[in-house]
Amino acid sequence: MNPIISAAELMDRVDASASGQPPVLLDVRYQLGGPPGRPEYEAGHIPGAVFVDLESELAGPAGKQGRHPLPDLAVFAAAMRGAGVGSDTEVVVYDGGQGWAAARAWWMLRWAGHPSVRVLDGGLAAWRAQGGPVTDERTPVREGDFVPQPGALPLLDADGAAALARRGLLLDARAGERYRGEVEPIDAVAGHIPGAVSAPTTENVAADGRLRPAAELAARFGALGAADGAEVGVYCGSGVSAAQEVLALAVAGIPAALYVGSWSEWSSDPSRPVATGPQRG
């Protein structure tokens, strides 16, 4: 299944009279350091969408395991069922347009075994640009029956990320200046995991906020070393923007593991090595 869906295709899918059962829509608007997404959702969302909170439902409390570690599985499961997600329902997730939060929801559901999840390419901005309607009406929800079965997508811990950087390709999805250790606006230590390769998420999208075509993404990641069956992993600051990179890799046909703890977990342990500069190492 293509992990993304266009606004035009989604419009066809939400018209239940024309296309059968519409998908469950999850609104995952979120900005790092910004205001909560729920007020934006309540002010206007795609008709039928249900809000999902990234901080409390797609991540656990911040701590030694990072700023956005995996959530308690029971909390995640309850949130998904409460949003109407069933074991066999089609799910489409979207955010304000950046794609990071929606990709985190996509990854969580896919990792937890849901077979049919897609991200709205370009998010709510693309929906509006296509002429899609928005509403502030409350969405009635029919409880879903989704039961997570974790492990459907590969997951890395700190030791696994370090090992993958040595034997395969570990991509750092943060901005290049953070990778190089020139600045660090969030975490206590600047730099990157030794052996990781810089691959900012900003280069995955075109000027309109949508992901680049599959062939362009494949060429990009191939040039970085994701070729000839190389094992690929991705990390970022806290496992959110890296999910967008895993999504972009999936569009390119390249499977990749996510290091959820990412730099926020790695840098919290002073015994772990830190590299700086533009080099791989």
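A search of the whole structure, which is a predicted model, finds 1 cavity of 30 Å³ or more. The volume of this largest cavity is about 100 Å³. Its lining is made up of 17 residues, and Gly-99, Val-119, Leu-120, Asp-121 and Gly-122 are the closest to its centre. Two elements, β5 (117-120) and α11 (241-251), each supply at least two residues of that lining. Sorted by class, the residues around the largest cavity are 8 nonpolar, 7 polar and 2 charged.

The largest pocket has a volume of about 460 Å³. Its lining counts 23 residues, and those nearest the centre of the pocket are Gln-21, Pro-22, Pro-23, Val-24 and Gly-84. The elements giving two or more residues to this lining are α1 (7-14) and β2 (24-27). By class, the lining of the largest pocket divides into 10 nonpolar, 7 polar and 6 charged residues.

The packed interior comes next. In soluble globular proteins, nonpolar side chains tend to be buried together. Here the largest nonpolar core holds 56 residues, and the members that touch the most others are Leu-26, Met-80 and Trp-107. Helix α6 (residues 100-111) gives the most to this core, namely 9 residues. Which residues does Trp-107 touch, not counting those up to four places away in sequence? The contacts of Trp-107 are Leu-70, Leu-153, Pro-154, Leu-155, Ala-243, Val-246, Leu-258 and Val-260. There is also a second, separate core of 15 residues, with Ala-162, Leu-164, Ile-193 and Ala-196 among them.

The remaining topic is a sheet. Strands of a sheet pair through backbone hydrogen bonds, in either a parallel or an antiparallel sense. In this model, 5 strands form an open sheet with parallel pairing, and their order is β6-β10-β9-β7-β8. Which strands are at the edges? They are β6 (155-156) and β8 (197-198), each of which pairs on one side only. Within the sheet, strand β9 (residues 232-235) and strand β10 (residues 257-259) are joined in the parallel sense over 2 bridges. As for individual residues, Gly-233 has Ala-257 in β10 as its bridge partner.

Notes:
Residues are numbered from 1 along each chain as its sequence is written. This is a predicted model: local features need pLDDT of at least 70, side-chain atom pairs count only at pLDDT 80 or more; totals for chains, interfaces and linings use all residues. Side-chain values use heavy atoms; hydrogens and water are left out. On a 1 Å grid over the protein atoms alone, a cavity is a set of points where a 1.4 Å probe fits but cannot get out, and a pocket is an open set with protein on both sides within 12 Å along at least five of seven lines; lining residues have an atom within 4 Å of a point. Grid points are joined across faces, edges and corners, and a volume is the space filled by probe spheres set on the points. Helices (H or I, at least four residues) and strands (E, at least two) are DSSP runs, numbered from the N terminus. Ala, Val, Leu, Ile, Met, Phe, Trp, Tyr, Cys and Pro count as nonpolar, Asp, Glu, Lys and Arg as charged, and the others, Gly among them, as polar. A nonpolar core is a set of buried Ala, Val, Leu, Ile, Met, Phe, Trp, Tyr and Cys residues joined through side-chain atoms within 4.5 Å. Buried means under 20% relative accessible area, exposed over 50%, partly exposed in between (1.4 Å probe, protein chains only). Contact means heavy atoms within 4.5 Å. Two strands pair if DSSP finds at least two bridges between them.
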